[in-house]
Each structure stands twice: as C-alpha cells, then as structure tokens.
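Hi there,

Here is the structure I promised to pass on to you. Have a look at it first, and then read my notes below.

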Amino acid sequence: MAGDRFNEMLRFLGTRFAEERDRVSNAVAAVIAELRAEQKTIVLDLSERVAAVRDGMPGAQGERGEQGEKGDPGPPGKDGDDGAPGKDGTDGKEGPPGDQGERGERGERGERGEKGERGDQGLQGEMGPRGLRGETGPPGPRGEKGERGEKGTFEPPSEWIDGSVFHSGQLVHCEGSTFCARRDTARRPPHDDWSPVALKGKDAHAGEARGLYDPKAGYLKLDRVAFDGSEWIARRDDPGPLPGDDWMLAVKAGSRGKPGERGPPGAKGDPGIGVKGGTCDGFTLRLTLDDGRAVIVDLSPAFDRYHRERGA
C-alpha cells in the first residue's frame, strides 16, 4: 500500500513539473519575442533617422507596398535568466494511469468480518469422477430377524455323461466324487471348471486277526495278535516289537479259574493217533504221526516265556 501511494505521488509531481516547465518556457519565449520586436523597431527608427540626415528630410508617407516574401528564420537566441517562481497554478486534469508497480509486502491479517447473508442456491455442478474405494467401515448393528423364507429345494447330482454340457451351479457325480460346475462346461472333472463338493474316500483298513504274534512279520494299524495269553491291537502301521508303545492291550489274559465239578464219563472214543517220531531244528519241532501226517510246532514263544519268567 505504501509503495503504491509513493509511486502515485511521484507520477503526480512529475506531471506538475512538466506542466510548470512548459508554462515557464512559453512565458520566456513570449518575452523574448517582444524584446526582439522592440529591437527591430528601434533599429528601424535609427536607420530612418540616419537616412534623413544623409539624404534629407523624408517625404510624405507613400502608399503601402505589397508584402514581401517571408524571410528565413533567425538563429535561436540565448536562454534568458530564470524568472521568479510564479504562483501555484490550478490542478491539471488527471493523467493516464502509470505502469503497475512492484508488489508490496504482505500486510498483517485483518480481523474477521461479520458473517454475510446466505447467497442464493447455485446451479448443480456436473458429476465428478468416481472416487477411490474407501476403507471398510465397522460392522453395523444386527438387523431384525427376517421372515422365514420359502422351503428350498435341492436338486440331486446328475451322473457324469461324456460329451454332455453342464451349466454353472449344477452338481454332478463322477467316479465316486461330487462336483459343482463353476461355469458352463463339458470338461470331465476334476478340472478348474469344477469345485469339489465331496471327494471319494479311501477304504479304511479295519484290521485283521493275525493269530500268534510273529516278531518277523509286518503288521498294519488295527491288526490283532495273540501274545502271552492276551490280545493286542497295533496303534499304527509297522508298530515294532511287542510289547511296546505302538501296541494297545485289547484283552488281558484272565487268571486260572477253580476246577469245576467232575463230569460223567464220556463215551469210548476212537483209537488215538500215535506219534511215530520227531525231529527238532532250532526252535521248530516236527512230529510224524501214525497216519503219516506231520505236525510242526514253533517252540519260540515257549522259550521266550521261559526266559522272561526266569529273568523276573
């Protein structure tokens, strides 16, 4: 603000100075012109007087001759002395606006004005571009329980048929598994066009009764063996030696009961079969009967039990 007013004052003073300069120059020029005219009159009068003395008294005034041609302008005279300052003249007309001055420093922030009246409602602008998706807000309150819907229907799965087209959402049964179509497709499941609903399971091993325990044999989970008068069940495949952590006692051998009452004599039986001979190979006993049959007896469990009992 101060800079603008200073520039405006300079422009005003420059205008006034120029006006005063022009006015003084015009006045000086007028004075010089008057002096020059008087000088010409005096020179002309002296010339006439000299001519009268030399040539005699002048005659009567003749008629005015024709105006001569305009002479060449004389050289400019020397500048005269400065005159006394004149009185202040009247203010001149406002001059044209000057050039834009430099931007002044930012003034201090003014006080907040009073709130103006609410303007008229403007026209609705054009719809802007779609904004970015905002973050998911917190879950809202639980709504009221809706009315019970109509009873739905379930369409049972269709059997897979090569070359057929199945539509999106359709269930199909193929090779023991059930799939749901993700899109219209004719590709055989399993495939990316299908979502598994229920896959075919593997048959579980129910376990087998394997008889007497054989440390050299391989056993699977849930296999049952007889050992030391008790029944044991394998907890996993390849359970290792028995007894052990991977075996579970299923039926424990009971204690020997009291002798019962003597029963009546039975009928006379058929003649028995005798043993003709036998051989022993390690812990295997081979007996030959009278009728030619051979009986093989594994003595390993008996010796194992014997050693355990002796060791206890």
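**What I found**

Cys280 counts as exposed, because its relative accessibility is 53% and the cut-off for exposed is over 50%. Please keep in mind that this is a predicted model.

Staying with cysteines, Cys180 is partly exposed, with a relative accessible area of 23%. How many disulfides does a search of the whole structure find? The search finds 0. For Cys180, which is in no disulfide, the nearest cysteine sulfur belongs to Cys174 and lies 14 Å away.

Next, the inside of the protein. The largest nonpolar core has 8 residues: Tyr213, Tyr219, Val225, Phe227, Trp232, Ala234, Leu242 and Trp247. Which elements give two or more residues to this core? They are strand S6 (224-227) and strand S7 (230-234). There is also a second, separate core of 7 residues, and Cys174 is one of them, along with Trp160, Phe166 and Val172.

If you click on Ala234, look at what surrounds it: leaving out residues up to four places away in sequence, Ala234 touches Leu220, Lys221, Leu222, Asp223, Pro239, Asp246 and Trp247.

Finally, there is a hairpin to find. Strand S10 (residues 284-289) pairs with strand S11 (residues 294-298) in the antiparallel sense, over 5 bridges. Thr288 stands opposite Ala294 of S11. Between the two strands of this hairpin are 4 residues, and Gly292 has a positive phi near 95°.

Happy exploring!

Technical notes. Residues are numbered from 1 along each chain as its sequence is written. This is a predicted model: local features need pLDDT of at least 70, side-chain atom pairs count only at pLDDT 80 or more; totals for chains, interfaces and linings use all residues. Side-chain values use heavy atoms; hydrogens and water are left out. Two strands pair if DSSP finds at least two bridges between them. A nonpolar core is a set of buried Ala, Val, Leu, Ile, Met, Phe, Trp, Tyr and Cys residues joined through side-chain atoms within 4.5 Å. Buried means under 20% relative accessible area, exposed over 50%, partly exposed in between (1.4 Å probe, protein chains only). Contact means heavy atoms within 4.5 Å. A disulfide is a pair of cysteine sulfur atoms within 2.5 Å.
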